[in-house]
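This briefing sets out selected structural features of a single model, grouped by topic. Please read it alongside the sequence and the coordinates.

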Amino acid sequence: MQPRYTIMSHTVLLILGIAFLTAFPSLGKIWGPLSFDMTRSELDAVLRSNPAFEPPGEMTVMGSTSENDRFVTRKTFFGDPCELMFRFNSNDQLSSIAFISKTGFEPNFYKTRFRARYKNLYMTISDRYGLPLECPAWPDPSRLKPGRIAYLHTWHVDSGQSSILTGILRDHDNKCYVATAFVRGKIKPGRTVMEMVKDWDKVPEFLDLKTADKYNAQGMSALAIRNGKVALSFFEKAAALGSSRAYWAMGVLYEGGKGIPKDEEKSQKCYRIAAEKGFALATVLIDKKYDQAMKTLDIFPEDAQAILSTCQRAAAEGCIAEQFNVGTMFKNGYGLPKDMKKAEKWLSAAAKKGDLQAASALRSLAK
């Protein structure tokens with residue numbers, strides 16, 4: 001597995017403040033079973049035996065079709081299935097691994113959906129490790145060399161023994177992909193100036209989920225008059241935008257019919273996807289305890305915490321589905337400590353925007 005990427009330098013800007021660092025659970029841990037103490041042969045054995053990974057078997061983001069050249073994650077890494085790229089040091093030990101999202105964005109979505117997806121990755125990592133060491137201006141994607149990763153943000157972790165970098169990869173079709181690299185050692189950020197870039201703060205992290213809220217509301221309205229076929233069409237649109245609530249709603253539709261043919265297999269698949277995305281009403285179908293449900297779903301602990309973090313940020317940014325979801329979590333102590341005041345806060349926020357499920361949950365809270 002030969003490396004095929006190069007870190008490109010960009011003018012980067014220093015964030016005022018000091019990053020707080022949270023150590024990995026164990027020295028050198030990267031993600032799931034992957035760690036820096038692995039040799040090339042040990043890594044290859046894990047990739048071929050662990051169900052979390054599989055050879056791509058098709059044209060990859062980087063243009064390779066070799067079964068032995070690229071592996072992909074079977075499960076999501078920070079929200080997306082990813083292609084993996086590796087580098088090794090002179091001792092044949094893993095020195096870096098890059099996760100390249102399999103979800104690409106066309107050039108016309110660069111300033112909207114792509115930036116929102118990158119912001120989500122940036123915030124998820126910052127939640128765990130503090131502010132990055134720099135905050136550059138958004139690069140012009142047309143100036144990025146195809147097939148190379150332009151790294152924008154750097155975090156030092158493990159007391160400086162390793163680094164995390166996030167950036168952008170543009171392919172030969174001009175699609176952009178988010179990228180995350182774990183690198184052994186302390187990587188120095190690019191040239192910095194004492195100035196804060198404001199553009200990053202203005203990027204909406206949950207652009208798609210807010211659009212999905214509108215489709216979910218239309219689906220719920222159709223469901224209220226027992227028009228399951230129309231409701232399903234709206235939920236499908238919301239699900240395509242990543243809404244966990246939409247997947248749960250489709251699970252309900254397929255389970256109970258409601259104007260569409262019953263389909264237990266589709267119902268269970270939709271429930272599982274909703275649970276994997278952290279929607280409490282679906283996840284409790286797996287197990288009444290969040291940690292055990294995540295384990296049953298075969299979600300790594302670091303991803304389970306990232307899911308919770310994302311749900312709370314989405315609620316704070318005004319996503320109605322996640323306000324209802326987080327309120328439900330606090331109400332039942334699901335993944336979060338029971339807190340009736342916080343439950344009321346989030347359920348009220350969703351109910352005030354016309355969410356009928358939140359209003360119903362709020363009434364039951366008052367009893």
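Seven residues, Trp31, Phe53, Phe77, Phe78, Phe99, Phe182 and Phe300, form one aromatic cluster. The model is predicted. Its protein chain holds 13 helices and ten strands, and 51% of its 367 residues are buried. Of the contacts between residues at least 6 apart in sequence, 59% join residues at least 24 apart.

**Aromatic pairs**

- The structure contains 16 aromatic pairs.
- One of them joins Phe77 and Phe182: the ring centres are 6.2 Å apart and the planes stand at 70 degrees, so the pair is classed as edge-to-face. The angle qualifies because planes over 60 degrees apart count as edge-to-face.
- The cut-off for burial is under 20% relative accessible area.
- Tyr290 and Tyr334 form another edge-to-face pair, with 5.6 Å from centre to centre and 90 degrees between the planes.
- Here too the partners come from distant parts of the chain: Tyr290 belongs to helix α9 (residues 290–296), whereas Tyr334 sits in the loop between α11 and α12 (340–351), and the two are 44 residues apart.
- With a relative accessibility of 4%, Tyr290 counts as buried, and Tyr334 does so at 2%.

**Nonpolar cores**

- The largest nonpolar core comprises 47 residues, and those with the most contacts inside it are Trp248, Met250, Tyr290, Met294, Phe324 and Val326.
- Helix α6 (residues 244–256) supplies the largest share of this core, namely seven residues.
- Apart from this core lies another, of 44 residues, which includes Leu34, Phe36, Ile125 and Ala306.
- Phe324, one of the residues with the most contacts inside the largest core, touches Arg245, Phe279, Leu281, Leu347, Ala350, Asp355, Gln357, Ala358 and Ala361 when residues up to four places away in sequence are not counted.

**Glu322, a buried charged residue**

- Which helix contains Glu322? The residue lies in helix α11, which spans residues 320–332.
- Glu322 is buried yet has no salt bridge. The nearest side chain of opposite charge, that of Arg245, is 8.7 Å away, and a salt bridge requires a separation within 4 Å, so Arg245 does not qualify as a partner.
- The side chain of Glu322 does make a polar contact, at 2.9 Å, with the side chain of Asn325.
- Beyond its neighbours within four places in sequence, Glu322 is in contact with Ser244, Cys311, Ala314 and Ala315.

**Lys262, an exposed loop residue**

- Lys262 is located in the loop between α6 and α7 (264–276).
- Is Lys262 buried or exposed? Its relative accessible area is 64%, so Lys262 is exposed; the cut-off for this class is over 50%.
- Setting aside neighbours within four places in sequence, Lys262 is in contact with Tyr254, Glu255, Gly256 and Gly257.
- A distance of 9.8 Å separates the C-alpha atoms of Lys262 and Val252, which are ten residues apart along the chain.

How values were computed
Residues numbered from 1 in each chain as written. Predicted model: local features only at pLDDT ≥ 70, side-chain atom pairs only at ≥ 80, totals over all residues. Heavy atoms only, no water. Helix = DSSP H or I, 4+ residues; strand = E, 2+ residues; numbered from the N terminus. Buried < 20%, exposed > 50% of the residue type's maximum accessible area, 1.4 Å probe, protein only. Lys, Arg positive; Asp, Glu negative; His and termini not counted. Polar contact = N/O pair within 3.5 Å; in protein donor to acceptor, adjacent residues only side chain to side chain. Contact = heavy atoms within 4.5 Å. Core = buried A, V, L, I, M, F, W, Y, C linked by side-chain atoms within 4.5 Å. Phe/Tyr/Trp six-rings, centres within 6.5 Å; stacked < 30°, edge-to-face > 60°.
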